[in-house]
Amino acid sequence: MTTETQSAVAAGPARGERSELVGKVTSAKMEKTIVVEVQRLVQHPKYRRVVRISKKFYAHDEKREAKQGDTVRIVSSRPLSRLKRWRLKEVLTSSASAKKK
C-alpha cells in the first residue's frame, strides 16, 4: 500500500461504524415511527452562496419517547420498512410544547 492509500483509509470512518444525523422531529403521529428533518449548509455550485438544505428521514422509535419539536440523534440501520432506514439513538433536547401536553 502506498502512503496515499493508507492515509485515505485512516481518514475515513471506521469499518462497521454507523452514520449519525441530528435533526428535529416534525411528526410523531405514527406507531413507533418518527419523521426527522435534518438541515445542512451547502455552497451553491454556481453562485457560491451558502444555502440551507433540508431532508426528511423516517426513523424507528421503539419506546415512542420522541415528541414533535424535539431535537434527536438518529443512526443508520438495516431497512426496517419501505421508508425506514434509521433508528432513534437519543433525544437531545425536548420541546417546550411537548412538556405542556
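This note sets out, in numbered points, the main features of a predicted model of one protein chain.

1. **Confidence.** The chain has a mean pLDDT of 88, and 82% of its residues reach 70 or more. Among the elements, β3 has the highest mean pLDDT, 98, whereas helix α1 (residues 3-11) has the lowest, 53. Where pLDDT is low, the predicted coordinates should not be read in detail.

2. **Elements and their order.** Two helices and five strands are found in the chain. Read from the N terminus, the elements follow the order α-β-β-β-β-β-α.

3. **The barrel.** The five strands close into a barrel, in the order β1-β2-β3-β5-β4, with mixed pairing. On average, neighbouring strands of this sheet are turned by 45° against each other, direction ignored.

4. Six bridges join strand β4 (residues 71-76) to strand β5 (residues 86-93), and the two strands pair in the antiparallel sense. Within this pair, R73 stands opposite E90 in β5.

5. **The nonpolar core.** Which residues make up the largest nonpolar core? This core consists of 11 residues: V25, I34, V36, V38, F57, A59, A66, V72, I74, W86 and L88. Two or more residues come from each of the elements β2 (33-43), β3, β4 and β5. Strand β2 gives the most, with three residues. For the chain as a whole, 22% of the 101 residues count as buried.

6. **The aromatic pair.** The count of aromatic pairs comes to one. The ring centres of F57 and W86 lie 5.2 Å apart and their planes stand at 65°; because planes over 60 degrees apart count as edge-to-face, the pair is placed in that class. F57 belongs to strand β3 (residues 50-60) and W86 to strand β5, so the pair ties together parts that are 29 residues apart in sequence.

7. Are F57 and W86 buried or exposed? A residue counts as buried under 20% relative accessible area. F57, at 15% relative accessibility, therefore counts as buried. W86 has a relative accessible area of 13% and is therefore buried too.

8. **Surroundings of F57.** Neighbours within four places in sequence left aside, F57 is in contact with L21, I34, V35, V36, V38, I74 and W86. Among these contacts, I34, V36, V38, I74 and W86 are also members of the largest nonpolar core.

9. **Contacts across the sequence.** Of the contacts between residues at least 6 apart in sequence, 48% join residues at least 24 apart.

How values were computed:
Residues numbered from 1 in each chain as written. Predicted model: local features only at pLDDT ≥ 70, side-chain atom pairs only at ≥ 80, totals over all residues. Heavy atoms only, no water. Pairing = 2+ DSSP bridges. Helix = DSSP H or I, 4+ residues; strand = E, 2+ residues; numbered from the N terminus. Axes fitted to C-alpha atoms, helices over the stretch in contact; angles between N-to-C directions. Phe/Tyr/Trp six-rings, centres within 6.5 Å; stacked < 30°, edge-to-face > 60°. Buried < 20%, exposed > 50% of the residue type's maximum accessible area, 1.4 Å probe, protein only. pLDDT = per-residue confidence, 0-100. Core = buried A, V, L, I, M, F, W, Y, C linked by side-chain atoms within 4.5 Å. Contact = heavy atoms within 4.5 Å.
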